[in-house]
Amino acid sequence: MASQNMDPAAAAASSTAALKGSDSGGSAARGSVSKRCVCSLSLVQMSGDKGISAFPESDNLFKWVGTIDGAQGTVYEGLRYRLSLEFPAGYPYQAPRVKFVTPCFHPNVDEHGFICLDILKDKWSALYDVRSILLSIQSLLGGKCVITPALSELCPLTSLSLCFLLRAEQRQSSQCCGGRTVGQPGR
């Protein structure tokens with residue numbers, strides 16, 4: 001698995017740059033990232049997957065805005081979450097930095113919106129794209145929850161479902177429902 005996360009072009013460019021004493025590999029790496037981002041954008045737009053979307057922020061191909069709709073039958077149903085995706089120079093061989101922009105209460109999301117998901121950390125593969133990332137996060141919201149060590153202090157209650165019920169009641173009382181993005185004013 002490690003070999004698929006090694007960028008052969010970047011390795012060759014950096015060794016060539018080291019021999020020449022220059023940094024010509026940086027622009028080549030950014031061009032590779034741009035090409036992969038354009039490819040990812042096409043995949044997301046043409047996939048037809050319901051409840052996810054992503055697009056570059058302004059003209060910046062390295063910073064995107066994503067949206068995920070909450071899964072039906074969960075406390076997230078009817079909610080739309082905004083995420084930010086930032087692509088490093090080493091993408092796709094390094095995972096993008098993904099976080100919730102809108103508040104999301106979930107054991108795998110910290111108070112700053114960062115997501116504890118294995119494919120964004122140690123299980124990252126160059127085979128993943130934006131579509132697979134968004135679908136994985138959407139699945140995380142709709143799936144069985146596991147309290148991560150970093151977030152165990154957020155829910156000291158013994159029953160995780162009670163914790164979600166309390167958060168859902170808070171959400172409804174602050175009128176975040178109806179398909180609006182969490183944290184956005186009503187229509």
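Predicted model: local features only at pLDDT ≥ 70, side-chain atom pairs only at ≥ 80, totals over all residues.
## Confidence of the model

The protein chain has an average pLDDT of 73, and 57% of the residues score at least 70. Among the elements of the chain, strand 4 has the highest mean pLDDT, at 96, while the lowest mean, 49, belongs to helix 1, which covers residues 8-20.

Over residues 14-25 the pLDDT is below 50, and this stretch makes four contacts in the model beyond its near neighbours in sequence. The pLDDT is also below 50 over residues 175-187, a stretch for which the model shows 26 contacts beyond near neighbours in sequence.

## Cysteines and the annotated position

With a disulfide taken as a pair of cysteine sulfur atoms within 2.5 Å, the count for this model comes to zero disulfides. Cys 104 is buried, because its relative accessible area of 10% falls under the 20% cut-off. Cys 116, by contrast, has a relative accessible area of 35% and is therefore classed as partly exposed, a class that lies between 20% and 50%.

An unreviewed UniProt entry places the feature "active site" at Cys 116, and such an annotation may be inferred rather than shown by experiment. In the model, Cys 116 is found in the loop that runs between strand 4 (97-100) and helix 3 (130-142).

## Helix 3

Helix 3 has 13 residues, which at 1.5 Å a residue should span 18 Å, and the distance of 19 Å between its end C-alpha atoms agrees with this expectation. At the start of the helix, a side-chain oxygen of Asp 129 comes to within 3.3 Å of the backbone nitrogen of Arg 131.

The buried residues in helix 3 are Val 130, Ser 132, Ile 133, Leu 134, Ile 137, Gln 138, Leu 140 and Leu 141. As background to reading such a list, an α-helix has 3.6 residues a turn, so residues three or four places apart point the same way.

## Ala 54 in strand 1

Ala 54 lies in strand 1, which is made up of residues 52-57. Its relative accessible area is 5%, and Ala 54 is therefore buried, since that value is under 20%. Ala 54 and Ser 40 are separated by 14 residues in sequence, and in space their C-alpha atoms are 9.3 Å apart.

How values were computed
Residues numbered from 1 in each chain as written. Heavy atoms only, no water. Buried < 20%, exposed > 50% of the residue type's maximum accessible area, 1.4 Å probe, protein only. Helix = DSSP H or I, 4+ residues; strand = E, 2+ residues; numbered from the N terminus. Expected span 1.5 Å × (residues − 1). Polar contact = N/O pair within 3.5 Å; in protein donor to acceptor, adjacent residues only side chain to side chain. pLDDT = per-residue confidence, 0-100. Contact = heavy atoms within 4.5 Å.
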